[in-house]
There are 2 protein chains.
Amino acid sequence: MSLPHALLGLLSEQPASGYDLLKRFDEGLSAVWPAQKSQVYSELAKLDENGLIEITGTGARQRREYGITDAGRAELRRWLTEPDLDLAFRSAALLRVFFLWTLNSGEGAAYLEKFADHNHARLTALQAIHDNAKWVGDPVQVCGWLMLEYGLRGSETAEQWARWAAGELTERLDTPS
Amino acid sequence: MSLPHALLGLLSEQPASGYDLLKRFDEGLSAVWPAQKSQVYSELAKLDENGLIEITGTGARQRREYGITDAGRAELRRWLTEPDLDLAFRSAALLRVFFLWTLNSGEGAAYLEKFADHNHARLTALQAIHDNAKWVGDPVQVCGWLMLEYGLRGSETAEQWARWAAGELTERLDTPS
DNA sequence: TTTCACATGTAACCTGTTACATGATTGC
DNA sequence: GCAATCATGTAACAGGTTACATGTGAAA
């Protein structure tokens with residue numbers, strides 16, 4: 001149940017429409033919390049109903065701009081400071097690794113190399129973002145920059161692991177002890 | 001849609017009941033794909049209906065043991081070899097980092113330190129599993145061992161990042177340029 | 001005038017979670 | 001006899017995805 005909090009977080013920076021928020025999701029946020037537009041719009045309606053956000057203005061093309069309320073700010077703060085951090089994590093790509101023994105070692109290694117390549121591509125993409133942006137001291141940007149660094153380190157670790165694992169898999173499946 | 005494939009993977013090793021499978025999930029698999037028992041039982045019924053698994057025996061207390069069929073093995077193989085690997089990934093813990101700028105730097109750093117501690121605890125737990133198990137050359141175990149190594153490296157990277165980020169956050173929010 | 005970006009949704013469906021419900025067998 | 005473990009589910013709900021549906025305004 002984190003989508004509402006992601007929206008509150010974005011709105012705490014500045015008022016925005018659903019359309020604006022969807023674009024902001026694509027700029028980095030979707031890497032840790034993807035969102036569909038249907039879900040964003042319905043969640044905004046729900047947050048409005050509950051008084052956590054409110055309509056602060058309307059524009060052309062039935063644009064509705066939402067702003068965070070004091071209640072919304074309180075809820076955002078509660079979510080950030082209360083200690084229910086679950087490292088819960090789901091990855092189909094990693095799940096597959098558990099079952100690579102059902103393939104032959106070449107196929108398994110190929111899968112791991114592909115996984116490595118994907119992570120390398122992501123690393124390159126993040127590197128480009130890192131190099132192109134001008135990192136001023138703005139607190140909002142600082143947090144984005146920290147997340148970007150997480151992505152860089154994580155992609156690198158994943159790629160190196162996968163290359164190593166491909167080698168180990170080949171060796172250990174082909175020369176059984 | 002990976003739960004059915006996780007079940008096929010487990011059953012490709014040996015026949016098992018829903019109850020057995022749930023226990024096997026807790027031994028490592030749940031780290032990358034958690035499953036509820038209600039979902040496991042209903043998914044088994046669905047896989048049976050579709051002919052990917054079949055009942056291979058019954059036991060005391062209405063135990064029903066399922067085995068994978070040829071069609072199931074084919075589907076498992078398809079899932080492993082076809083290249084739709086999405087690195088899609090959701091983490092509420094990391095999502096929060098984007099919004100730490102709404103707290104003061106001490107609170108933000110405290111959050112990151114807590115995140116680091118959690119990852120350290122996980123690292124220690126995985127280390128214990130690593131040290132206690134006897135890693136024979138069994139292909140099934142090799143894959144489990146590769147995953148374990150992923151967990152170790154990932155936890156370590158996450159912990160180190162979080163400690164670094166806590167420092168950066170304090171420094172950059174308290175001494176704005 | 002036509003195309004593109006802006007802008008907002010609804011409906012159907014699938015996946016996953018939580019709570020509830022039931023009964024059988026083994027070991028003490 | 002009682003408790004623990006084995007064993008299987010159902011029902012209600014929450015969260016997330018996909019497809020469909022509609023209309024506005026600006027610029028070329």
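In this predicted model, the lining of the second largest pocket draws at least two residues from each of four helices: H4 (70-81) and H5 (92-97) of chain A, and H4 (70-81) and H5 (92-97) of chain B. The space in the second largest pocket amounts to about 660 Å³. Its lining comprises 32 residues, of which A:Trp33, A:Phe89, A:Arg90, B:Phe89 and B:Arg90 are the closest to the pocket centre. Classified by side chain, the lining of this pocket holds 14 nonpolar, 12 charged and 6 polar residues.

The protein surface near DNA strand C is described next. There are 21 residues around DNA strand C, and those that come nearest are A:Tyr19, A:Arg61, A:Arg64, B:Met1 and B:Gln39. This surface divides into 8 charged, 7 polar and 6 nonpolar residues.

| Residue | Atom type in DNA strand C | Distance |
|---|---|---|
| A:Lys37 | base oxygen | 3.1 Å |
| A:Arg61 | sugar or linking oxygen | 2.7 Å |
| A:Arg63 | phosphate oxygen | 3.1 Å |

Helix H2 (18-26), helix H3 (37-49) and strand S2 (63-68) of chain A, together with helix H3 (37-49) of chain B, are the elements that give two or more residues to the surface near DNA strand C. The greatest contribution to that surface comes from H3(B), with 4 residues.

Definitions and conventions:
Residues numbered from 1 in each chain as written. Chains lettered and ligands numbered in written order. Predicted model: local features only at pLDDT ≥ 70, side-chain atom pairs only at ≥ 80, totals over all residues. Heavy atoms only, no water. 1 Å grid on protein atoms, 1.4 Å probe; cavity = no way out; pocket = protein on both sides within 12 Å on 5 of 7 lines; lining within 4 Å. Points joined across faces, edges and corners; volume = space filled by probe spheres on them. Nonpolar A, V, L, I, M, F, W, Y, C, P; charged D, E, K, R; others polar. Near = heavy atom within 4 Å. Polar contact = N/O pair within 3.5 Å; in protein donor to acceptor, adjacent residues only side chain to side chain.
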